[in-house]
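Me: I'd like to learn how to read a model like this one, feature by feature. Can we go through it together?

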Amino acid sequence: MDTNLPVSSLPRVVIIGCGFGGLRLAKSLRHAPVQVVVVDRNNYHNFQPLLYQVATGALEADSIAYPIRKIFAGQKNFFYRMADVEQVDPATNTLRTSVGSIRYDYLVLATGSLTNFFGLESIERNAMQIKSIPNALNLRSFIFQNFEKALLTDDPAEKQALMNIVVVGGGPTGVEISGSLAEMRKHVLPKDYPELDLRAMQIFLVEAGAELLGPMSKASQADAKRYLDELGVLVKLNTSIKKFEDNRAYYSETKFIPTENLVWAAGVNGAEVPGLPPEVVARNKRITVNRWNQVEGQAHIFAIGDVANMVTDDMPRGLPMLAPVAQQQAEHLAENLLRLLRGETPKDFAYKNKGSMAIVSRNKAVVDLPGNVHFNGIFGWATWLFVHLMTLVGFRNKVVAFVDWAFSYFSSDQALRLIIRPFSRRDVKDDKGKKSAEHRTATPEYNPTPPAIQTPAAS
Ligand SMILES: Cc1cc2nc3c(=O)[nH]c(=O)nc-3n(C[C@H](O)[C@H](O)[C@H](O)COP(=O)(O)OP(=O)(O)OC[C@H]3O[C@@H](n4cnc5c(N)ncnc54)[C@H](O)[C@@H]3O)c2cc1C
């Protein structure tokens with residue numbers, strides 16, 4: 001198939017992925033003497049940090065996504081093809097995609113990351129993940145579907161498994177989604193489900209390490225734990241979920257938490273594209289790059305953002321998989337590509353850490369800034385809201401998010417709890433949009449004995 005890209009005398013820079021890195025790079029090249037071709041399987045840019053708000057009904061999906069063509073309207077050197085990139089062929093400078101072949105002069109991998117299930121097959125098959133907008137909408141539907149089912153059963157163990165939610169992974173995503181679910185339990189579910197005894201509903205946050213928010217300061221870790229305790233989230237540290245079958249999330253061979261709802265936020269791998277030499281694929285499937293973001297041994301291929309493994313003296317395990325890293329690398333690479341075109345030597349990239357933050361619930365967030373500055377509470381919360389509002393793409397999205405947040409804040413309610421597209425695990429698609437091989441078909445059996453974990457009922 002022909003991708004019908006216009007023939008040009010300008011060098012062609014092909015960017016795979018229009019996430020934080022790809023979008024910023026394509027924008028930064030708007031005045032450059034190059035033809036910019038972006039290929040993404042989705043026709044929208046997805047603001048991943050707010051996915052959990054879509055999953056918990058706080059924001060509309062449309063307010064955290066923006067159409068790629070609209071972002072680049074008016075950029076004359078920009079071309080977009082909606083396609084899945086299947087293979088790179090460095091020998092012929094060609095990509096094989098789901099809509100045909102694309103030739104490149106320079107190629108930039110900005111493909112981001114995929115959920116890492118660490119080879120735990122039962123979890124990959126049965127858990128909910130939160131990497132994409134369809135994932136977030138599925139999670140929202142699934143939780144409300146299970147509440148509808150909980151009304152229909154008289155079996156207390158079955159009822160509790162339908163209402164219990166286990167979130168695995170104590171990083172920012174796990175902390176944010178657990179806090180948001182606890183707020184939903186407090187403010188939304190009692191209004192919608194007065195027939196259910198919500199004291200039986202438990203929200204667990206399970207983390208394999210000894211603390212939450214691993215890379216953040218001790219003060220932020222302690223504050224986040226305290227906030228979650230206050231919200232009634234049952235935080236289990238030094239605990240790993242190894243298996244999720246028959247509505248049981250096992251944390252040892254015999255001990256389990258009864259639940260239908262397991263959210264896996266425990267790790268990611270680089271979203272590599274096949275075709276590169278195996279020696280450039282580092283740990284977590286990230287692509288090894290030098291300080292110019294150039295793939296080891298490949299003069300014309302670069303990688304930025306989550307998929308790029310750039311090791312520095314102070315970060316021997318590679319730069320963190322964060323939006324600012326992707327954006328800064330994109331801007332730097334745009335300048336380096338111009339240097340290469342002028343026959344100059346590119347410059348080394350240096351990451352400027354501008355801080356990190358996580359929100360737990362209304363008026364409760366933690367913020368770390370460079371220079372050991374830490375703050376929390378309502379000031380942290382306001383900072384978090386402001387930064388996320390400002391970084392959302394598109395004026396309409398900023399306004400819609402602001403209105404949704406203001407409505408939730410003043411009404412203690414969330415408007416978005418429709419089950420528009422009922423979710424079945426049989427419909428699960430992986431991150432590449434393909435249907436997963438096998439899904440549970442049997443009606444789950446519940447443990448008739450009391451739940452393995454005996455904890456105080458949530459308020
Ligand atoms: C739930 C969640 C919360 C997060 N919260 C924060 C936060 O608070 N702060 C923060 O800094 N970071 C956060 N992150 C991480 C942040 O989103 C990533 O670091 C950032 O998105 C990386 O940007 P990127 O450009 O490398 O990749 P992405 O933004 O992931 O973009 C990758 C793009 O490539 C496309 N793509 C991938 N493979 C192919 C292919 N083969 N063919 C075609 N298209 C392809 C995808 O469709 C996607 O559009 C969060 C991530 C998640 C999942």
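Me: How far apart do the end C-alpha atoms of residues 12-330 lie, and what percentage of the span is helix and strand?

Reply: First, the ground rules. This is a predicted model, where local features need pLDDT of at least 70 and side-chain atom pairs count only at pLDDT 80 or more, while totals for chains, interfaces and linings use all residues. Residues are numbered from 1 along each chain as its sequence is written, and side-chain values use heavy atoms, leaving out hydrogens and water. Helices (H or I, at least four residues) and strands (E, at least two) are DSSP runs, numbered from the N terminus. Here the end C-alpha atoms of residues 12-330 are 16 Å apart, and the span is 29% helix and 24% strand. UniProt, in an unreviewed entry, gives those residues the feature "domain: FAD/NAD(P)-binding"; such annotations may be inferred rather than shown by experiment.

Me: What pLDDT does the protein average?

Reply: pLDDT is the predictor's confidence in each residue, from 0 to 100. The average here is 90, and 92% of the residues score at least 70. Over residues 435-459, though, pLDDT is below 50, and that stretch has 52 contacts (heavy atoms within 4.5 Å) beyond near neighbours in sequence.

Me: How is the protein divided into domains?

Reply: Domain bounds come from an automatic or database domain assignment. Domain 1 takes 12-41 + 83-115 + 269-341, and domain 2 takes 121-266 + 362-427. Their centres, taken over C-alpha atoms, are 32 Å apart.

Me: What is the strand order in the open sheet of 3 strands?

Reply: Two strands pair if DSSP finds at least two bridges between them. The order is β15-β16-β17, with antiparallel pairing. β15 (243-245) and β17 (256-258) are the edge strands, each pairing on one side only. The twist averages 20° from one strand to the next, using axes fitted as lines to C-alpha atoms, with angles from 0 to 180 degrees between N-to-C directions. Between β16 (residues 248-250) and β17 there are 3 bridges, and Y250 has F256 as its bridge partner in β17.

Me: How many residues lie between β23 and β24 in their hairpin?

Reply: There are 2, and N363 in the turn has a positive phi of about 65°. The antiparallel strands β23 (residues 356-361) and β24 (residues 364-369) are joined by 5 bridges, with S361 partnered by K364.

Me: Which strand does β24 pair with over 4 bridges?

Reply: That's β25 (residues 373-376), again antiparallel. D368 stands opposite H374. This hairpin has 3 residues between its strands, and G371 takes a positive phi near 85°.
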